[in-house]
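Subject: Structure handover

Hello,

Here is the structure I promised to pass on. Please look it over first; my notes follow below.

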Amino acid sequence: MREHRLLPILTEERAATVPFFGLDTLWLQLAGTLCNIACRHCFITCGPKEDRVPMMTRARLEELLLEARELGVKEFYFTGGEPMLHPEFFAVVERTLKEGPTHVLTNGMLIDESAAQRLRDLFDGSRYSLDVRVSLDGMTAEENDPVRGRGTFAAITQGIRHLAAVGLSPVLTVVEHADALRLSEARSEFLRFARSLGLAQPRVKFLPLLRIGRETRRTHGYGTGDVVHEPLPPEVIRTLQCNSSRLATQAHVLVCPLLLDAPDAQLGRTLTESLRPISLRWSACHTCVEEGLSCRT
Amino acid sequence: MSHLSRVAVFGGVYNNTGALSAVLDDAQAQGATEVYCLGDLGGFGPLPDRVFPILLDRGVTVMQGNYDHSIGHQLADCACGYSDPRDNHYARLSYAYTQAKTSQRWLPYLRALPPFLRREWGGYRVHMAHGSPRQVNEFLWESTSSDAFLRRLLRAHDADVLLVTHTGIPWVRRLPAEQGGGLVVNVGAIGRPANDGRTGIWYALLDIPSKPAQAAALLSAGSAIAVTLRCVDYDHERLCAEMRAESLPEEFVETVATGYWTTCLEILPAKERLRGKF
């Protein structure tokens, strides 16, 4: 029988250990858990009323950017919730682009003509790459809306068309929430679909389901056997994002974006405090190890 | 010129002997006294065995790329670092061709190539790597390599100058002097165009001050060493004909003929991809 297990599920002594090689990627929980929609598969249970993790202030962002620079950070990812809900979203992206390449993970619903043009201006005005990733979980409303909410397909695809109109080519991020999306043809079909939305240089990224957060109610959580307790070979360790990235919120630095709600995944307030080996004792670690999940683009 | 020494550095030959000869001729004409190749001799183009004698005859110092390691050890794939199925499809075709057409007698040569090169030029510590100093198949793109990250790589490898290839698109970064300075150059690849709509290919010339003590005392490497990225034309139409004669993918031929990439597109960051056609 499968059941939802709260994190973590292994003791530190039994779990596999991952060293820390250096801070390549800094994830920033810009909007906290606030989102304009409440996807049924959301692994960190974000939504319009979810304010348990607060938005990040400009002061906190500045502190993190300066510390990350000293640590030799390579790139930044803004996530949420919906990062574009942050009242200073564009100023935040502009500031971050001065430090390094920046990725924005968005549901695209707030990208109107004006927002698309502002993103294009930021793209053109920076020597570093600005990459927008738009989450879309189907090629039709019938496939997408049951997961992301009624009317979201129309709103998301409209946002993508606005980006296409200004010559930006977002990465469409697809969660494999249905069997059809796990087929090998799904990727090429999605690329064709992206072209039909006006994207001349389409890119797609498929992500496996994470059986935590709200997804545990849509289907089920991880089972008791979904654990990583063996010592991992070096070639597997090299693929794990937690060897070179951290997630920062307003209050904490955590192991990774999946573990936002795991209190014992908090490694400190500063990045420097977080630069140490971690143990894969959480159920979600199973997906990264077994399915090769990387949240990076 | 008398106070400088001039060094030519290129990468990614990809079996393109026409480009290789053109670059070596150009470097000689420009007065380069040393020539370095940062690896990936095979892949993409035709008839790999033609590359080795040229490199040996003309005294090029060569290091090992991921392709050379894989072919030399007869591994199952090129370890290029692609993640997209379409990119991997073409990578497999390319690798299978080069593997089948590389004579056994060259495998020990490929295996023996050094994985990196260290030099001291004009008092500056120079580290040459294929992808990055920490990973042979890491892509260092201009738009996705922050100053902070590049400075970290330089410090971690005790270097003032870092020279890399692997991405196929050249760039130069001079790190701010107030942050310790430093110079990073991706020399591009000579085996195929740089997705810029030009059929010519790119390599780098470095002019190094010959009075190290004075130069090092006054200037960081980022300021003291001049870098020129040179675009060299060669008989690309002949290459197209040879590729077709060898039944290599028409997509590869199109890249040679137009200067735009038709494969390896998924690895391109948004900025670099937008400069291309596909």
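Which residues of α9(B) meet which residues of α10(B)? From α9(B) come B:His236, B:Leu239, B:Cys240, B:Met243 and B:Arg244. They meet B:Glu250, B:Phe252, B:Val253, B:Val256 and B:Ala257 of α10(B). Contact here means heavy atoms within 4.5 Å.

Some ground rules. This is a predicted model, where local features need pLDDT of at least 70 and side-chain atom pairs count only at pLDDT 80 or more, while totals for chains, interfaces and linings use all residues. Residues are numbered from 1 along each chain as its sequence is written, chains are lettered from A and ligands numbered from 1 in the order in which they are written, and side-chain values use heavy atoms, without hydrogens and water.

Helix pairs

Helices (H or I, at least four residues) and strands (E, at least two) are DSSP runs, numbered from the N terminus. In chain B, α9 spans residues 236-245 and α10 spans residues 250-258. They pack at an angle of about 175°, with axes 9 Å apart. Axes are lines fitted to C-alpha atoms, for helices over the stretch in contact, and angles run from 0 to 180 degrees between N-to-C directions. α9(B) and α10(B) are therefore roughly antiparallel (over 145 degrees).

In chain A, look at α4 (residues 141-148) and α5 (residues 152-165). Their axes come within 8 Å and cross at roughly 105°. That is why α4(A) and α5(A) count as roughly perpendicular (65 to 115 degrees). α4(A) brings A:Ala141, A:Asn144, A:Asp145 and A:Arg148 to the contact. α5(A) brings A:Thr152, A:Phe153 and A:Ile156.

The interface

Here 27 residues of chain A are in contact with 26 residues of chain B. The two chains bury about 2,100 Å² between them, 45% of it on carbon and sulfur atoms. Buried area is the accessible area (1.4 Å probe) that two parts lose on being put together, summed over both. In chain A, A:Lys74, A:Arg127 and A:Gln201 lose the most area to chain B, together 29% of what that side buries.

The rule finds five salt bridges across this interface. A salt bridge is a side-chain nitrogen of Lys or Arg within 4 Å of a carboxyl oxygen of Asp or Glu. A:Arg127 and B:Asp147 form a salt bridge through their side chains, at 2.7 Å, N to O. α3 (113-125), β5 (130-135) and β7 (203-207) of chain A each supply at least two residues of the side that touches chain B. α3(A) gives the most, with three residues.

Best wishes

Technical notes: Parallel < 35°, antiparallel > 145°, perpendicular 65-115°, else oblique.
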